[in-house]
Amino acid sequence: MKLTVLGNCSPYPTKDAACSGYLLQADKQNILIDVGPGTLSNLQQIIPFYQLDAIIISHLHQDHCLDLLPMHYGMEKSIKYGKREEALAVYLPFDGGDELQFIQAKVGDEFHLQQIGQETELELGNLKVSFQRSNHPKECYAIKVDDGVKQFVYTADTGWDKSLLDFAFNIDLLLAEASLLEKDRQYAKAGHLTVKQAVQLGIEAQASKVLLTHFWPEYEQSEIAAEVPETEIEVELARILKKYSF
Ligand SMILES: [Zn+2]
Ligand SMILES: [Zn+2]
């Protein structure tokens, strides 16, 4: 599998970095996981958006879903002008908030919106996708993709949660949110992990590699890197447009 980081910061994009968005490519599938502000532009550095096979949105906080709205203009035209035949499947929680109603009101038939939940299992090509409710104030799901050989888990937004250890056990790549430095640990109860907790999650789950993401723009990257604890597993800070193969 190949994962390209399209956006790694939250809750607002910076001049260098878009919000959450990741292109997962495996088994001839192009799957966009989260579509935060700025990711649509970065996606097109890799593939045309109309070549996507699916979009999976972890939750409807705006730093994870807003670029779906401008993408609908492009997708609509792609179908109209014959670049694409079918509507694009978009899997997302139907948590009933204002955001869902807004998305439903703004997009058209070019997107096929489908509800995800704890029990959802998707088959995209030969890829199996499953979900685990995360510890976050909004209905939010960690996402696991299994190609039969390798396994990938994205924590999405979450506070520390033991169920994620089981969900991510023994996987090849853990993409973990690392929103906070230790000095701001009190904000973790709002449903986020510190850098240390994110790495600890990978260590306890015995992941082969941890890729940290969802960085608060007010932090320096050097401050984040300095809080990565000593460990034998591989840990890296997600870089925009870098491709990770596993
Ligand atoms: Zn969130
Ligand atoms: Zn977020």
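**Exercise 1.** How many bridges pair strand E8 with E9, and in which sense, parallel or antiparallel, do they pair?

*Solution.* Keep in mind that this is a predicted model. Start with strand E8, residues 127-133, and look across to E9: the two pair over six bridges in the antiparallel sense.

**Exercise 2.** Step onward from Ile143: which residue is its bridge partner in E10?

*Solution.* First place the strands: E9 covers residues 141-146 and E10 covers residues 151-154. They run antiparallel and are joined by four bridges. Ile143 finds its partner in Tyr154, while Val145 stands opposite Phe152 of E10. Now follow the chain around the turn: E9 and E10 make a hairpin, with four residues between them. In that turn, Gly148 has a positive phi of about 95 degrees.

**Exercise 3.** In what order do the seven strands of the open sheet lie?

*Solution.* Read across the sheet as E7-E8-E9-E10-E11-E12-E13, with mixed pairing. Next, look at the edges: strand E7 (121-124) and strand E13 (234-237) each have a single partner strand, so one side of each lacks a neighbour in the sheet. Going from one strand to the next, the twist averages 20 degrees.

**Exercise 4.** Which strands does helix H6 touch as it packs on the sheet?

*Solution.* Find H6 at residues 195-204, then check its contacts: strand E11 (173-177), strand E12 (209-213) and E13. Finally, compare directions: that of H6 makes about 155 degrees with that of E11.

Technical notes: Residues numbered from 1 in each chain as written. Chains lettered and ligands numbered in written order. Predicted model: local features only at pLDDT ≥ 70, side-chain atom pairs only at ≥ 80, totals over all residues. Pairing = 2+ DSSP bridges. Axes fitted to C-alpha atoms, helices over the stretch in contact; angles between N-to-C directions. Contact = placed C-beta atoms within 7 Å.
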